[in-house]
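Subject: Structure for you to look over

Hello,

Here is the structure I promised to pass on. Please open it first, then read my notes below.

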Amino acid sequence: MRWTPWPLAAALVALLVATPLLVVAASLLTPSLEVWRHLWQTQLPGLIAHTLALMAGVGLGAGGLGTGLAWLVATYRFPGHAWLEWLLVLPLAVPTYVMGFVFLGLFDYAGPVQRLWRGLFGAGAWFPEVASYGGVVGVMSLVLYPYVYVLARAAFLAQSATLLEAARALGARRAEVFWRVALPLARPAIAAGVALAVMEALADFGTVAIYNYPTFTVAIYRVWFGLFDRGAATELAALLLTFTLTLFFLERWLRGQARFAAGSSLRPRQPVRLRGWRAGLATAAATAVVAVAFGLPVGQLLGWTLASVGGSAYDAHYLQLVRNTVLLAALTAVVALVAAVVVAYGLRLSRSRFVAFCGRLATLGYALPGSVIAVGVLGPLSFLDRTLDGWLRATWGVSSGLLLTGSFAGLVFAYVVRFLAISCQAVEAGLAAITPSMDMAGRSLGATAGGVLWRLHLPLLRGGLCGAALLVFVDVMKEMPATLLLRPFGYNTLAVRIWELTSESLWEAAALPALTLVAAGLLPVAVLVRRSRRPGAAP
Amino acid sequence: MGRGRLFCSLVGLVGLALMLPAAEAAEVVVYSSRIEQLIKPMFDAFTAASGIPVRYFTASEAELIERLKAEGANTPADLFMTVDAGNLWLAEQAGLLQGVASPVIARHIPAHLRAKDNAWVGLSVRARPIMYSSERVMPEELSTYEALGDPKWRGRLCLRTSRKVYTQSLVAAMLKALGEARTEAVLRAWMANEPRIFNSDTKMLEAIAAGQCDVTIANTYYLARLKAKDPDFPVAVFWPNQQDRGVHVNISGAGITRHAKHRQEALRLLEFLSGPEAQRLYADANYEYPANPAVKPHPLIAAWGTFKADTVDVAVFGELQAAAVKLLDRVGYR
Amino acid sequence: MAFLQLKGLAKRYRPHEPPAVEDLSFGVAQGEIVALLGPSGCGKTTTLRLIAGFERPDAGSVELGGTLLVDRHRFVPPERRGVGMVFQDFALFPHLTVAANVAFGLRRLDAAARAARVEEMLALVELTALARRYPHELSSGQQQRVALARALAPRPAVLLLDEPFSNLDARLRWQMLHEVRALLRRLHVTALFVTHDQEEAFALADRVGVMQQGRLEQLDTPEALYYAPRTRFVASFVGPASFLPGQVTGGGILTELGTFPNDTGLSPGARVEVMLRPDALHLRPHPQGQGRVVARHFRGPFTLVEVQLPSGARLQAALSGTGALPSRVHVEVDPQRAVAFPCA
């Protein structure tokens, strides 16, 4: 095989990003048999069942909600459509753990809703258990559905109207057209969104901890913090990684030979205007989702913030925290985007299975908890530091100290490992929409592969790239464990502040930073939506 | 885009990283899992008294330990601070701390609340007694932690998740006092009462107030915070096991790191923290019990009376934590 | 009453634009193949979409086989109209195999009947071997046949085809055209198709309707359209034609090439244009002939010769054979085959 620069660069970047994951995976080579035996006898079967159930629940919940709302918004017009279309993306800005503690605070036994309920219907009145499977799945679905919504909506809008008309001419009712044509055609987009949602659910610790729901991630922390056995914890993480990989290949295999891109749309889809009770129902449904998934948590945070005003949450450092958070997120978004473009473009140019495998491997970090990735990053970095330091001391008698460990480089690298899946997914989707004949045209006009990327693809992808950068931006701001462990000394962010306060159960005091985080997340979400509204723009 | 520009920004990043671990001047650098809000007042007092500035970095214990390990001899940290004994013990085991001889500390802090060679020192005491609904439970119904396994508490018991180190330390203390077989029997009796498991002490206390359950085990300062807001909060403290080993207490504490660059300053800080001025702040900032017996607790918790505390060496919590977690796994305590 | 009957159909997309379709009425008999011919934007595709039910008409009605599909009060949704459609881009479902595409409209059949019908349709279009392929693995000709098989599988009462051959290259187009015609005939399918290509329309259809600006100008057999166009637009759109200025007199229409019978009903003095098809002109070599040959276009079976008359008027004439042609010719006209139109 001949190595051309782009696939080579892609493979290198992918392998670099995959290094911490490989470090994690390598832990399986030296299994801590004693811990595994203990886990197998006590928790593991239950853990696997609980984790699978969570994946299925969130997959169905976020997938169903996201797809349904995307179809509603893409196909119909109803009062408030123009607003709801983008309001529905907002829950993305709410960190899952914030949603988790707000919901539990509102709906558990001691919360205001149940107190009101008991007041109305008596002390023994039945109320669904919040800290339960249903509660976790509900909360996660409400926060994570926008991943599916954004991608599915773009896919529905890009579908050729003639395909849908062909189906109707063949006797399919409108509902049937959805199930038999539109939905299967949007499957790659929906699958990508569901994959993001499920991976995030797998990596989540905050919410499952609050709801006391035992998943793999919970077990990882239990083994690490409780049994003081980081090795065994890493092995569990490796198992989680295998889980994700299996899921990924399963989807690929099920997809088989079918193609989903149906060429360019000859006739843009014409929205159907709903009237009467149908219009009311559509508006009510979409509004309800926005209210519950966004209005409720933000309202609660606002309430707490006002209640604790003048408290210790806001101090001289506060604006510094906000600035740090935004700077870090922006820097990471740019780096993750560059990495994603290199990887995705290398994948496009190369038919090598090895390059493809590297690319895939590099995006698995999204399913791992931030702490595990942080430890995976910390190992190689400190090894590099020690090697360099030792060499410098031996040859020059000076110390380089800690060059990478606890530096921005280490932290940004960890974020890229964790979030490359998001940026890569968006870039790949954008590239897929550009026909290969355009590459050929560019090359035949004398452009190099890099020139084609620079002069053709990047301008065409601008919308998609912007969207990818914004998604990474929001996710970095929310990311907590990796930030805690790897941040440079003295560099605090909003997520760190939230951790500090919630770890001591100071929920009210944590409301202001949480609210700020949500607000900072709103801006990119708004830009994202404005872009995706333009015809032809990738999500 | 210029490759040049990319290179420049990379160089910039590395330069930034280089600048960070500078400054060998007199200062103390603290890695702390005790949050900023609860340590800053003490550090400020220290700086005011000694002129030595304190810089600190907060994260959770396990992550701080990983960071200390990774940084090795290059670590900027002089002092490692946690909110439980187990992780201090673990850091000591991992060779991350160093012992110091200090008559001041020996005078201020009782021996069972610190390591033999002062590799770590307890600075505040966190008592974890039984708490009950003052509306539905009479104190006469309560006696010991073990007795919460009595069937009369079926459906009335709230417990903190076994993921929390508080629960793990409690069970470790029981393992030490009762042995494995009896501890397992106690835990199984608790589980037979179908306790509700909570992720937060505050939530448990609120659940008792709301009537979801009647009795629990919780750290005193959580109740103190609620009582400070609402003096009529309908939950009361019961000091269990007064006839035998006493109330389970944990510590928050600190130890000097093995590779401390400012060992002297760190020791001064540690000694200052064990002294009356800082201990007073400990007591007032978070309603914890001072580790220094000469300092009285906050009036709000002093009103709950004095009690006999378990004087088992708190290092046990670290030694037996893994055994405790495995036992908790075995009995199905989540 | 025709099998497919349109009455007074009208559709306007935007208030201030000219209507896409206006007062459109015509019928298609059972088993008949009708083409709608016209330049792009003439409303022919809109007409198909109105029949299929993808648009609602502003006025008028459509009836199919005695059933009212749409009028002011009634609107049957597309899926219940029994109308088959072949799209310009074929609109094959990319996520389904060839067989599954064909089976798509056969939901009401049980599995066995469905399989049998799919097999029958694939055999009919000679694609049995490719049943398990996906659309993107087929050539465009094969895709076209799948689209046809899919549309015909549910036995629609009428088949609509929207520019079905425009995505095919020239040679394939003629081959497919004849295949499709043979198939429609064999199955006795009633079909309405839309094209901007006059040759396609003539080759496939029994009758051809010429549309312009939303109106149907003339619906007739190809021969009638060619030789007896009713409007000057039809005359010029359908095949090559020359126009010669003339004036109505008492004895007929007087032109540079003689007098033609006046069948226009116009009174003397009116100015007209006389349309002459190339095969209505006969050229005879003659040194003093009134026509000067200015251009010749070799078309294979015949040569199209352009002749200029003394007045400057140019005529196109068909000449068979390849013999040398002198520069001057005498032009004769078959007066029965001239059609006069009043000047606008």
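Two strands pair if DSSP finds at least two bridges between them. Helices (H or I, at least four residues) and strands (E, at least two) are DSSP runs, numbered from the N terminus. Strand β3 (residues 79-82) and strand β10 (residues 249-256) of chain B run antiparallel and are joined by four bridges.

Some housekeeping. This is a predicted model, where local features need pLDDT of at least 70 and side-chain atom pairs count only at pLDDT 80 or more, while totals for chains, interfaces and linings use all residues. Residues are numbered from 1 along each chain as its sequence is written, chains are lettered from A and ligands numbered from 1 in the order in which they are written, and side-chain values use heavy atoms, with hydrogens and water left out.

**Chain B, strand β3**

What covers the strand's faces? Both sides are covered: B:L79 and B:M81 are buried on one, B:F80 and B:T82 on the other. Buried means under 20% relative accessible area, exposed over 50%, and partly exposed in between (1.4 Å probe, protein chains only).

**How the chains meet**

Contact means heavy atoms within 4.5 Å. Two pairs of chains are in contact, and chains A and B share the most contacts. Chains B and C do not touch. Their nearest C-alpha atoms are 38 Å apart.

One residue to look at is B:E206, in helix α8 (residues 201-210) of chain B. B:E206 counts as partly exposed because its relative accessibility is 30%. Leaving out residues up to four places away in sequence, B:E206 touches A:A110, B:L226 and B:F233. B:P234 is 28 residues from B:E206 in sequence, and their C-alpha atoms are 9.3 Å apart.

**Chain A**

Chain A has 23 helices and two strands. Its C-alpha trace spans about 80 × 75 × 50 Å along the principal axes. The radius of gyration is taken over C-alpha atoms, and the globule rule is 2.2 Å times the number of residues to the power 0.38. For 539 residues a compact globule would have a radius of gyration near 24 Å, and chain A agrees, with 24 Å. Buried residues make up 59% of chain A. Of its contacts between residues at least 6 apart in sequence, 82% join residues at least 24 apart.

Accessible areas come from the Shrake-Rupley method with a 1.4 Å probe; for residues, only the protein chains shown count as cover. Chain A has an accessible surface of about 21,300 Å², and 69% of it belongs to carbon and sulfur atoms. On charge, Lys and Arg count as positive and Asp and Glu as negative; His and the chain ends are not counted. Each charge is placed at NZ of Lys, CZ of Arg, CG of Asp or CD of Glu. Chain A has 39 positive and 21 negative side chains, with the centres of the two sets 15 Å apart.

**Chain C**

Chain C has eight helices and 20 strands. Its C-alpha trace spans about 80 × 50 × 35 Å along the principal axes. Of its 344 residues, 51% are buried. It exposes about 15,500 Å², with 49% supplied by carbon and sulfur atoms. It has 38 positive and 33 negative side chains, and the centres of those sets lie 2 Å apart.

Strands β9 (residues 207-212) and β10 (residues 215-220) of chain C pair antiparallel over five bridges. C:M211 has C:L216 as its bridge partner. The two strands form a hairpin with two residues between them, and C:Q213 in the turn has a positive phi of about 45°.

**Backbone points to check**

Most residues other than glycine have a negative phi. A:N212 is not a glycine, yet has a positive phi of about 55°. A:N212 sits in the loop between α11 (206-210) and α12 (216-226) of chain A. At 11% relative accessibility, A:N212 is buried. C:A91, also not a glycine, has a positive phi of about 50°. C:A91 lies in the loop between β6 (83-86) and α2 (98-103) of chain C. C:A91 is buried, at 3% relative accessible area.

Best wishes
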